[in-house]
Amino acid sequence: MSDKTKIGIIICDRYKLCAGGKCFRALLKKEGAFKIYKGKEVEIAGYTSCGGCPGGNIEYAPEEMIKNGATVIHFATGFIVGYPPCPYIKYFHDFIEAKYGIKVVYGTHPIPQKYYLTHEKLKTWKEPYWKEILEPTLCDEEIRKAYD
Ligand code: SF4
């Protein structure tokens, strides 16, 4: 039996024209939130947008991804670094885990340094609940710069 992990990626609709360059690169290199798959094989079972504020597709997209074998869903890093970050991110996370019983990971590729610096100035992530959300993608400065 294959120990390949199938994942779904949901992106913020503001970045709906994004071709996924940073996400796919990070997946290949197992960086950012994908570091949890180091040494493992991963396949993308689905890739879609939230559907635009307030995220109507969050309700349905996981079902389709799960049908294709996804066992983990990632919210793309754009949810975290957008101006402003998605105000529903925590709710969406908890909703998908509660409704579908599937693991949801905050983020995909490492946070780019330019976004990190601006959000530091804005104090965007000062509330304690951001610690958990940032943990998978914060990375060190060298890696953040590589994703600028
Ligand atoms: S801010 Fe949130 S709800 Fe709005 S488009 Fe982005 S991910 Fe979707």
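Val 104 is partly exposed, with 19 other C-beta atoms within 10 Å; by the criterion applied, a residue is buried if 20 or more other C-beta atoms, placed from the backbone, lie within 10 Å of its own, exposed if 12 or fewer, and partly exposed in between. The model is predicted, and local features therefore need pLDDT of at least 70 and side-chain atom pairs count only at pLDDT 80 or more, whereas totals for chains, interfaces and linings use all residues. Residues are numbered from 1 along each chain as its sequence is written.

Val 104 belongs to strand β4 (residues 103–106), where strands (E, at least two residues) and helices (H or I, at least four) are DSSP runs numbered from the N terminus. Contacts of Val 104, not counting residues up to four places away in sequence, are made with Ile 73, Phe 75, His 93, Ile 96 and Glu 97; two residues are in contact if their C-beta atoms, placed from the backbone, lie within 7 Å. The C-alpha atoms of Val 104 and Thr 71 are separated by 9.0 Å, although the two residues are 33 residues apart along the chain.

The protein chain contains 7 helices and 4 strands, arranged along the sequence in the pattern β-α-β-α-β-α-α-β-α-α-α. Its radius of gyration, taken over C-alpha atoms, is 14 Å, close to the 15 Å that the globule rule gives for 148 residues, so the chain is as compact as a globular protein of that length; the rule is 2.2 Å times the number of residues to the power 0.38. The C-alpha atoms fill a box of roughly 45 × 35 × 30 Å along the principal axes. Buried residues account for 37% of the 148 residues, and 82% of the contacts with a separation of 6 or more join residues 24 or more positions apart.

The largest nonpolar core comprises 34 residues, among which Ile 10, Ala 76 and Phe 79 touch the most other members. Two or more residues are given to this core by each of β1 (5–11), α1 (21–29), α2 (61–67), β3 (72–75), α3 (78–81), α4 (89–100) and α5 (113–122), with β1 giving the most, 4 residues. Such a core is a set of buried Ala, Val, Leu, Ile, Met, Phe, Trp, Tyr and Cys residues joined through C-beta atoms within 7 Å. Beyond four places in sequence, Ile 10 touches Thr 48, Cys 50, Ile 58, Ala 61, Ile 73, Phe 75 and Ala 76.

In α1, the buried residues are Lys 22, Cys 23, Ala 26 and Leu 27. They cover an arc of only 135 degrees around the axis, which puts them on the same side of α1; the arc is that of the directions from the helix axis to the C-beta atoms. These buried residues pack against β1 and β2 (42–49), while the face turned away from them carries the exposed Gly 21 and Leu 28. Lys 30, which follows α1, has a positive phi near 55 degrees.

In α5, Tyr 115, Tyr 116 and His 119 are buried. Their arc of only 100 degrees around the axis puts them on the same side of α5. The buried residues of α5 pack against α3 and α7 (141–146), and Leu 117, Glu 120 and Lys 121 are exposed on the other side. Just after α5, Lys 123 takes a positive phi of about 55 degrees.
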